[in-house]
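This report is written to be read beside the sequence and the coordinates. Please keep both at hand while going through the sections.

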Amino acid sequence: MKVSLTLLCLFEGFLQATAQSAGQTSEFHLGGDYLIGGLFNIHYVATAHFQRPQAIDCSSKLFILPNYRRFQLMRFSVEEINNSTVLLPNISLGYQMFDHCSDIHSFPGLFKLLSVKDSIRPLEEGSMRLPNVIGVVGPFTSTHALTVAPIFMSNLFPMVSYGCSGSVFSRKNLYPSFLRTVHPNKDVINAIVGIIQNFSWRWVAFLNSDDDFGKDGLEQFKARIEESDICLAYYKSINHDTDYSQVFKQLEEQNIKVIVVFAPKVYAEAVIESAVQLNVTNKVWIADDGWSLNKKLPNMEGIQNIGTVLGVAQPVVTIPGFTDFIYSATSQRVHGGDTEQEMFCNQKCSCSNVSVKSLLRADPSFSFPVYAAVYAIAHALHNTLRCGSGTCHRNITVYPQMILEELKKSNFTLLNQAVQFDENGDPKFGSLSIVFWNHSGEAEEVGFYHFQQSTHLSINKTKIKWFTNGEVPTALCSSECPAGYAKKPNGIHKCCFSCEICKTKTYINITENPFRCISCKDTEWSAEGSTSCTPRLLEYVLFTDSGAMLTMVLEGLLLGLIVSVSAVFAINYNTPVVRSAGGPICFLNLGCLSLCSISVFFYFGVPTPAFCVLRYLPFILFYTVCLSCFVVRSFQIVCIFKISAQIPNIHIWWVKYHGQWLLISAAFVFQAVSITISFSCDPPSPYNETSWYPEQIILSCNLNIQASICSLLLLLSLCCLCFIFSYMAKDLPKNYNEAKAITFCLLLLTCTWVIFITEYMLYRGKYIQIFNALAVLSSLYSFLLWYFLPKCYIIIFQPSRNTQQYFQGLIQNYTKTISQ
């Protein structure tokens with residue numbers, strides 16, 4: 001702030017000296033009751049050189065016709081307001097305008113606007129001053145505004161810009177008295193991104209001017225596409241020293257077809273002219289609103305070769321009466337001769353050679369924003385003076401801060417548009433046009449981007465004539481993957497990728513994440529290259545299944561045979577065959593076989609926790625008793641025929657202490673305790689087999705082998721003992737075949753479970769439950785058929801072999817054989 005005040009003091013003397021040079025009427029000045037300032041860069045300074053302190057002479061620099069057109073539009077707007085009987089009646093508006101061609105050398109004009117009676121003094125606390133003007137229209141560019149706005153902001157001097165679109169100006173803590181009648185860069189960028197998305201372009205370049213306007217546009221573009229599927233393949237800040245041949249070479253190397261040029265008219269013309277000269281072809285160019293309505297480039301020779309030019313533009317609004325004003329103003333200048341005198345620094349145009357036709361054909365962009373800016377200040381003054389009923393209160397002292405407050409509350413209709421500002425000073429009115437440079441050299445309107453309520457983009461694609469003979473050009477780093485394929489990134493850009501097919505049990509959802517194959521749930525499956533998952537079929541064996549019914553028939557037959565054998569044994573309980581088979585142990589064995597068979601019924605139907613427990617518990621517990629009974633019987637055979645002859649005490653002890661019952665009881669108790677512990681820690685539970693068949697879920701029961709290892713080892717140990725004892729009796733009398741029968745039963749038992757385990761390793765379908773039930777039945781049938789039924793056969797059909805004399809004869813013959 002101190003620096004600004006010092007500058008004000010330094011220029012005080014300069015202003016007082018130059019103010020005396022006012023002469024004849026100038027386009028830059030019009031007297032009135034209240035003055036509006038205007039900043040228009042009619043000329044353009046390419047590069048600033050600091051050789052010595054001086055105010056630059058704008059009239060000697062590059063002339064910009066569209067900006068001169070906007071300058072004339074402000075003059076017309078003030079004249080139209082002065083001719084109005086409704087707005088500011090009996091009040092005359094004037095203007096003080098300057099050619100603001102440089103952002104760092106055009107300060108004299110600013111100080112003139114801020115001066116009070118051509119004098120600038122440092123602000124004194126509590127003092128209120130009345131500067132020459134009540135508000136300023138302009139400047140045009142963001143860079144110019146950034147340098148001059150802080151000076152006006154210091155005492156809330158209202159500025160209404162017709163072209164500054166930098167995002168920073170929406171920050172009211174920095175620019176409290178800044179308003180604008182053009183939409184900020186964010187809205188223009190949104191429209192540009194909307195065009196890109198509308199045509200499904202993904203691989204684009206962004207060329208921006210190396211100034212505040214271009215840099216802000218680049219940042220807005222990056223932020224806007226961050227969450228989209230658009231990739232910024234290349235971006236470059238351009239200036240007067242840019243090597244465009246190198247730029248276009250890099251664009252070709254990366255196969256970029258869509259180029260956004262976000263830069264003022266001078267830079268944009270340099271880009272397009274270079275593209276024509278360097279024979280850059282088959283591109284899509286997207287223009288911002290600063291050069292999309294350019295009148296020079298569309299008619300340039302060779303412009304058709306560069307491709308298709310689309311753009312975002314300020315809607316062309318016809319200002320009634322402006323054409324007549326231009327003819328009148330030009331006629332006055334011609335008839336009056338070149339009598340225009342310089343009233344102040346940069347208030348000279350040297351525009352006498354500008355024709356009416358060329359001025360009216362100039363780029364009409366930002367015409368309505370200029371028009372609206374002037375009218376906004378006029379309406380603010382109208383409300384400040386409490387005008388109404390054809391008169392205004394002239395006795396009201398108007399301070400710039402009062403105009404600012406009314407500007408913020410603006411709400412008036414201008415050319416059928418309701419002019420209002422939001423809390424950031426940005427316009428709440430207007431829209432953007434989408435234009436296409438046709439073959440006639442005109443910017444043809446092909447769509448709109450509306451802001452009211454919700455943004456909406458509409459494009460009439462039939463009006464666009466593409467360089468690709470009617471087909472919309474593609475702009476992709478990599479072609480889209482087929483359905484069922486996921487993208488695998490190549491490099492840093494998400495638009496560059498290879499395609500990998502999603503494997504089985506996975507799928508791709510491109511709307512959620514096109515770069516990752518998603519695993520299906522356990523209850524779902526998918527084939528290779530799927531875009532969704534399908535529920536798996538629940539598979540289990542029904543009780544009505546033919547295999548289940550056959551198993552249950554065999555189970556019923558088994559129970560019937562057990563009952564029959566038990567009856568035969570009970571009737572012939574005191575016969576030698578029954579007593580040699582084990583006597584009372586036989587009935588325990590048969591009873592346990594029948595209890596084991598109960599588990600077969602629980603292999604069918606939907607597995608439940610109770611079903612799973614009953615599937616394993618009866619078989620493991622009672623089959624343990626069965627095996628211990630056969631261990632006892634095989635041991636007794638060996639003991640009688642072999643061990644007792646060598647160690648008589650063993651047999652005596654065995655008989656005296658009922659060793660057979662002790663062994664059976666011990667095995668039963670150990671197994672019961674073991675099962676209780678293991679099933680309490682990890683009981684058998686329903687289990688979904690999902691790994692073998694991707695399209696099915698096999699409902700089964702899970703038995704934790706590690707938790708049940710003690711129970712299984714006991715069964716295995718009993719089998720081994722039984723086999724050892726029965727094998728030791730292999731050389732017993734030929735007709736005394738109990739040991740051989742037990743050995744054969746064990747071999748069948750072993751083969752049964754080896755076959756089942758092998759099949760279980762190769763097949764896990766639903767019918768494995770039937771095979772498991774059959775394995776259980778086979779284990780039971782092996783003892784029933786090959787141990788008990790032969791004895792029933794002897795009892796019923798060979799009663800001669802079921803006598804005491806027959807058994808004693810076998811033993812005597814074996815004893816004689818051993819003694820020899």
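## Basis of the model

The structure is a predicted model, in which local features need pLDDT of at least 70 and side-chain atom pairs count only at pLDDT 80 or more, while totals for chains, interfaces and linings use all residues. Residues are numbered from 1 along each chain as its sequence is written, and side-chain values use heavy atoms, with hydrogens and water left out.

## Overall make-up

The protein has 23 helices and 27 strands. Helices (H or I, at least four residues) and strands (E, at least two) are DSSP runs, numbered from the N terminus.

Of the 820 residues in the protein, 50% are buried. Buried means under 20% relative accessible area, exposed means over 50%, and partly exposed lies in between, with a 1.4 Å probe and protein chains only. Among the contacts with a separation of 6 or more, 70% are between residues 24 or more positions apart; contact means heavy atoms within 4.5 Å.

## Helix α19 and its partners

Helix α19 (residues 659-681) packs with helix α20 (residues 709-728) at an angle of about 155 degrees, and their axes are 8 Å apart. Axes are lines fitted to C-alpha atoms, for helices over the stretch in contact, and angles run from 0 to 180 degrees between N-to-C directions. The two helices, α19 and α20, are therefore roughly antiparallel to each other. On the scale used, angles under 35 degrees count as roughly parallel, over 145 as roughly antiparallel, 65 to 115 as roughly perpendicular and the rest as oblique. The crossing of α19 and α20 is left-handed, a term for a near helix turned anticlockwise from the far one by less than a right angle, right-handed being clockwise. By class, the contact of α19 with α20 comprises six nonpolar, three polar and no charged residues. Here Ala, Val, Leu, Ile, Met, Phe, Trp, Tyr, Cys and Pro count as nonpolar, Asp, Glu, Lys and Arg as charged, and the others, Gly among them, as polar.

Helix α16 (residues 584-596) also packs with α19, at an angle of about 15 degrees and with the axes 12 Å apart. That angle makes α16 roughly parallel to α19. The crossing of α16 and α19 is left-handed. Pro-584, Ile-585 and Leu-588 of α16 meet Gln-660, Trp-661 and Ile-664 of α19. This contact of α16 with α19 has five nonpolar residues, one polar and no charged.

## Helix α6

Eleven of the 14 residues of α6 are buried, so this helix is largely enclosed by the rest of the structure. The buried residues include Asn-185 and Asp-187 as well as Val-188, Ile-189 and Ile-196.

The 14 residues of helix α6 (residues 185-198) should span 20 Å at 1.5 Å a residue, which agrees with the 20 Å between its end C-alpha atoms. The expected span of a helix is 1.5 Å times one less than its number of residues. Just after α6, Ser-200 adopts a positive phi of about 60 degrees.

## Backbone features in loops

The peptide bond from Gly-138 to Pro-139 is cis, with omega near -5 degrees. Pro-139 lies in the loop between β6 (135-137) and α5 (142-153).

Asn-282 sits in the loop between α9 (265-277) and β12 (283-287) and is partly exposed at 36% relative accessibility. Phe-366 is located in the loop between α11 (356-360) and α12 (367-384) and is buried, with a relative accessible area of 3%.

Ser-92 is placed in the loop between α3 (65-82) and β5 and counts as partly exposed at 28% relative accessibility. Neighbours within four places in sequence aside, Ser-92 is in contact with Gly-32, Asp-33, Tyr-34 and Asn-82. The C-alpha atoms of Ser-92 and Val-78, which are 14 residues apart along the chain, are separated by 9.0 Å.

Ser-102 is found in the loop between β5 (93-99) and α4 (107-114). Ser-102 is buried, with a relative accessible area of 3%. Beyond its neighbours within four places in sequence, Ser-102 contacts Val-45, Ile-56 and His-144.
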